[in-house]
Structure formats: structure tokens, C-alpha cells
Amino acid sequence: MTTLAVRYTAARSLETASVEACPPGPGEVELAPAFVGICGTDLHIFHGDMDARVTTPAVLGHEMSGRVLRTGPGVEGWQPGDAVTVMPLRWDDTCPACHAGHQHICQHLDFIGIDSPGAMQQRWTVPATTLIRLPHTLPLHHAALVEPTAVAVHDVGRAAVRPGEKTVIVGGGPVGILIALVARAAGADVRVVELSAHRRKLAQELALTTWNPADDDIQTLTDEWTGQAGADIAFEVSGAPAGMDTAVDVLGARGRLCLVAIHPQPRKINLHRFFWRELTLLGARLYHRTDFEKAVTLVADGTIPADRLISKIVPLTQAPAAFQALENGGDVMKILVDCTTHTHTHTDAAEQDADQADQAAQGDAR
């Protein structure tokens, strides 16, 4: 049986093609992906920046929601029609990182959707251990934001955000906004530093205070906000050298800098500032299952306003154009790919959820 998939073939080259569907083997589950988000890592792949890691042609996508179609031998607790998302990590449980309890950064990690085929296809087979159950009341297009929200939950936990702490997020893209919302829910006093007027406007509509580094003196604003003390925490989410400088400069004594963005090139950092103020630098990568479970709750209870963050939903065949739109910037935050249809440009996502549930419930009969 074949399935329609979006595949990366070379730098800035994507195709929609029929590929062989992989039936579920022992311990595996075949899913019908419903909605798949395009994230920054997908764009890095699209740009050709990860060709040393990605085997072409590669099916992309790891921010997803969908339903169970079929289960393989030995799988218990899952039925056709169950709504799920996937924690897209497969670790070996043999390396030193795994033995130390850090399976999410396994030294031989298979990040599904990068190192192995991802969710941007109509049928997708994954280990049953990667499934995260979704409440039946959560719309599947909203649930596609669970994975990036789990990133934010992990980041906020890694920085050990406490109520009342002055927290600066440098970079107001999708992950930056999610970190701001999760940190605020944890009781932090939050500021978002972002150049894009569109992103600042969205953040402000979400009752987040924003600063524009093109027009504002970020250091002066920080001093006024903190009474000259400096911020307790900064999250660097921009991936830009200037963003790193800002994240370091805003911190006060014993401040914590959580590095979230991927910086593919070495950066110059003001180490004297780290020495002088006894700063701490923390790396944050991926997530634990508990982060995913908390993310499901935050999206389901509306702490994460999914509808406000989803800019557009496009059919599978328009995914290549969506990558181009994100690359070109513009007034977009999060674009989802609808894997359930080929032709629509997003009419009624809730109705599509219901249709897909009906199709998935018949999965064993096909």
C-alpha cells in the first residue's frame, strides 16, 4: 500500500510523492497523521543545513496529532480511533547518557522526523512507546502544538523558573512565545524581545509585554523594570549573535541564561560578564515524557491559546509552498499541514477532526 508524503530531496527542494506505507511490526502502531506543524528544525533541513545528518529522500515532520489506525503484535492499550500525539524520540538505553537517566539526549538518539521518517504523510508507523494520549475534547489541530509546547515546558523547567522572577525571552517566534506563556503560567514576570512587528503585536494580544531591540534600549528598560538589579532569567531563542549578546547583558547577579535556539556556528560570548556576575549558562534540548504530558494539559485547558498561534492550515500537497512562505517571513507564526486531504486551504478544522476520527475507526477494515 502506498501513502502520500512530503519528502526533502535536496537543499530548498521538497516534493509530494507516493511512498510505500510501512505496516506495524511488533511493538509498533500505524497512525493516520491529521495535522503536522512546520518548525524551525524543518526549515534548517529545508535549507540544506542538516544534509550531513538527514538521509534523502526524507519524510519530514515531528509536531503532530492524529489517530491510531492499526496496532502491531504485542501492543496493548491502544485502539483504532484513539487520538494521539507522538514524542518523536527513540533512544538505545545502552549509552552513558541513557544509563545516567538522560534518555532524551541519548548519544545515539533517533529523532523521528529527522533521523528517520516523520509525520508529514497520510500513514505513519512508530513505536507504541512514543504515543501520548490526547483527551477526546482536544481538537486535533490544536494538539499539533503539543510538541513545541513540550519544548517550552522543558525549557522553563531546565531554567527552574520560580514565581515572581524577572524573565526575558529573546526571540518572539513560536517557541519563544510558548516559553513566555509557560513561564507566565509558572508565575514569572515576563518580557519578550522581538524585532518583528507582527510577532510583537501577537504577543501583545496575548497580554505579553514586548520590547523592540531596533527602537528600544533594552538595557535601560531592564534597569527600569528591575530597579537596576537585572533579570533573573533569560531565554535565548533567536539564534542570532545579537540575541545572545542581549540575553547575557540583561542578566543580574547570579542570573541564569537558558540556551534554546540552535546556533550552528560558534558565537563570541562576553565571558567577563559571566565571571563578574556569576552567571549560569544552561543548555535545553528536547523533553521528557512528563513535559509532554504537562504540555497536553496546557493546550487542552487553554493556557496555550492554540487558535491564536496557528496562522494557516494547508493541505499536504501545498506543504512545499508553506515552507517557502515561512522562509520568506511575513505575517505568519505557525503553519500546519493537513494530512487528511489534498485540496482544501483550511475551512473547518473541527469538522476535519471528526471526519478523520470516522476514517481511523475503520482502520482495521482497510
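**Exercise 1.** In this predicted model, find the bridge partner of Glu-30 in strand β5, then work out which residue stands opposite Glu-30 in β9.

*Solution.* 
- Step 1: Start in β5, where Glu-30 has Arg-70 as its bridge partner.
- Step 2: Turn to β9, where Thr-125 stands opposite Glu-30.

**Exercise 2.** Describe how strand β3 pairs with β5, with β9 and with β18.

*Solution.* 
- Step 1: Locate β3 at residues 28–37.
- Step 2: Look at β5, residues 63–71, which runs antiparallel to β3 and is joined to it by eight bridges.
- Step 3: Move on to β9, residues 124–127; its pairing with β3 is antiparallel too, over four bridges.
- Step 4: Finish with β18, residues 334–338, an antiparallel partner joined to β3 by three bridges. Here Val-36 is bridged to Val-337.

**Exercise 3.** Is β3 mostly covered or mostly exposed?

*Solution.* 
- Step 1: Count the buried residues, taking buried as under 20% relative accessible area.
- Step 2: Nine of the 10 residues in β3 pass, so the strand is mostly covered.

**Exercise 4.** Follow Leu-31 into the largest nonpolar core.

*Solution.* 
- Step 1: List its neighbours beyond four places in sequence: among them are Met-64, Val-68, Val-84, Trp-124 and Leu-131.
- Step 2: Note a second, separate core of 16 residues, including Trp-211 and Phe-274.

Notes. Residues numbered from 1 in each chain as written. Predicted model: local features only at pLDDT ≥ 70, side-chain atom pairs only at ≥ 80, totals over all residues. Heavy atoms only, no water. Buried < 20%, exposed > 50% of the residue type's maximum accessible area, 1.4 Å probe, protein only. Helix = DSSP H or I, 4+ residues; strand = E, 2+ residues; numbered from the N terminus. Pairing = 2+ DSSP bridges. Core = buried A, V, L, I, M, F, W, Y, C linked by side-chain atoms within 4.5 Å. Contact = heavy atoms within 4.5 Å.
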